[in-house]
Amino acid sequence: MSLRVAAQAVFRREITLFARRRSDWANPLMFFLIVTSIFPFAVGSESERLRLIGIGVLFVGALLAAMLALPRLFDEDAKDGSLEHLLTSPEPLAVLILARVAAISLALALPLALATPAFALFYALPSEVASILALTVVLAVPTLILIGAIASALLVAARGGAILTAVLVLPLTIPTLIFGAGAALKVLSGESPAAELALQAAYFLFALALCPLAAAAALRISTD
Amino acid sequence: MARTEQQSNDRFNGKWFWRYASPAAFYPVAGTIEKLCWFLAISLTIVGLYIGFFRAPTDATQGEVYRVIYIHVPAAWMAMVIYLAMAFWCAIGLAFGTRLSFMMSHALAPTGAIMAAISLWTGALWGRPTWGTYWVWDARLTSTLILFFLYVGYIALAAAFDDKKKGDRASALIALIGAVNVPIIYFSVQWWNTLHQGASVRPGGSSMATIMLTAMMIMAFAFWAYCIAVAMNRLRTQIIERERSAAWIQSSVRK
C-alpha cells in the first residue's frame, strides 16, 4: 500500500514539475521542430526525395529531442539533495525510478508524438504513415528514457555527462529505431506494419522489465 | 552491496584461485603470461603470415585481395571474444568486489576496441576491390561498428570518474548491459538488413582450401596470444599505477 503511495507521489511530483516549468517539455518540442525543418535545406525540396528521408529524419529527431531531457532525470535532484530522499526511502528504488520514468515519458512522448504527424507534412508523408509514425514515437521515447535512466544514473557522479549520455544511450536504441522506422516504411510501401510494431513493443517491454533494476543499481553505484 | 576482497578471501579460504585475485599475487604471474604470449604471438604470426602470403594459392574468384582475411577474420573474432571476456570480468568484479577483475576488464577494453577498428578497416580495404565499395550496411559490418561504439562507451565512462572505484563499477554495469543487448542488436540489424537490401556477397561462402584455413587458424591463435600479451602488459601497468602506495610495489617493482 505504502509503495503505491510513494510511487504515486514521485509520479505526481514529476508531472507537477513539468506542468510548472513548461520549458522542460516545450524545449525538446522546439528542438524537434527545428531539427526536422532544417533537413530540407541540406537535401533539397523535391517531395519525392523528402518522402524517402522523412521517416528517418522524424524518428531520429524525436529520439534526439527526448534525449535532451535525460540530464533532467537525476542531475537536478542530485544537486538539490532530493535524490538522497529517493535513495533513503524504504521502498524499492527500482519502483520509484519506474514511476519517475513513467512521468517523464508521458510528459515527453505525448507532445513529441502529437507533433510528429504535423511535422510529417514537411516531408509530404501520407497521413496513414504519419499516424503510424506517431505510434512508434510513443513506443520509442519511453524505451529511450528507460535506457537513458541507467546512463544518467551512472553519470550523476561523472564528468562531462551530456555527451557521454549520447555515446552510451544511442547504440542501445538501435533496435527500437530499426523497428519503429521499419513499421512506418512498411506502411509507406502499402504493407502491414504488424511484425515491426510487435518487435518494437517487445524491445520496449524488455527495457521496461530490466532498466529500472539496472538504473537502481547504477544510482547506488554512483552515489555510494 | 559488493563484498570486499578481504571478505571474499575469508569466505573462500583455501581455494587457490582466490589467492590470484590479489594484485600483488597476480602481478608476477601476469608477467610470465605476458612473456609467453609475446613469444607465441610473434612466432605464430611469422608462421601464419608466411603460409598465408607465400604458400597459400591465389583465390580463384577474388585474386590476391582475399589474403586480408589472415588479419581481418582473427581481428573480428577477437573483437567479439574480448567483449565477452570483458563482460565476464565485470560480472565477477561486481559480484565479488575483486578489484583485479575490474583492472582486467579495463586492460581488455582498448585492445577490443582496436580489434573492432582493425576488422572494420581491413574489411573496408577488402570491400573496395571485391564489392566495389568501402562500406555496405551489411549486418556483420554494422554490428561490428556498434560493438566498437560499446567499447568506446565503456572506455569513456570508466575515464569520466575521478573516483576510480566508482568508475570501475559504473563501467562494469554498462559493459553488462551492452553484453545483454549485443544479441538483440545483432538480430535486429540482421532483420533491418534483409529489409533494405538484397544479400551481399558472402566471403568464404564456398568451402576454403585447407591451406588457407590452416594459415587463418594459425593467425587466429597469434591474435589470441597478442591480445593476451597486451592485456597483461596493460594490467601490470594498471596494478603499478593503482597500488603504487602499497609496500610490495615499493619493494618489488622499484628496483
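Begin by selecting chain B, which averages a pLDDT of 85, with 86% of the residues scoring at least 70; pLDDT is the predictor's confidence in each residue, from 0 to 100. This is a predicted model, in which local features need pLDDT of at least 70 and side-chain atom pairs count only at pLDDT 80 or more, while totals for chains, interfaces and linings use all residues. Residues are numbered from 1 along each chain as its sequence is written, and chains are lettered from A and ligands numbered from 1 in the order in which they are written.

Staying in chain B, select helix H1 (residues 5-11), where confidence is lowest at a mean of 54, and then helix H4 (residues 69-96), where confidence is highest at 94. Helices here are DSSP runs (H or I, at least four residues), numbered from the N terminus. Next pick residues 197-201 of chain B, over which pLDDT stays under 50. Where pLDDT is low, the predicted coordinates should not be read in detail.

Now show H5 (residues 99-131) and H8 (residues 210-242) of chain B, whose axes come within 8 Å and cross at roughly 130 degrees; axes are lines fitted to C-alpha atoms, for helices over the stretch in contact, and angles run from 0 to 180 degrees between N-to-C directions. H5(B) and H8(B) are therefore oblique to each other, given that angles under 35 degrees count as roughly parallel, over 145 as roughly antiparallel, 65 to 115 as roughly perpendicular and the rest as oblique. Among the residues that make the contact are Met103(B) and Leu108(B) of H5(B), together with Val230(B) and Leu235(B) of H8(B), where contact means C-beta atoms, placed from the backbone, within 7 Å.

Turn next to the interface, where 22 residues of chain A are in contact with 22 residues of chain B. On the chain A side, colour helices H7 (127-155), H8 (161-169), H9 (174-188) and H10 (194-222), each of which supplies at least two residues of the side that touches chain B.

Finally, select Pro90(A), which sits in the loop between helix H5 (82-88) and helix H6 (93-119) of chain A. Pro90(A) is exposed, because 7 other C-beta atoms lie within 10 Å (a residue is exposed with 12 or fewer such atoms, buried with 20 or more, and partly exposed in between, the C-beta atoms being placed from the backbone).

How values were computed
Two residues are in contact if their C-beta atoms, placed from the backbone, lie within 7 Å.
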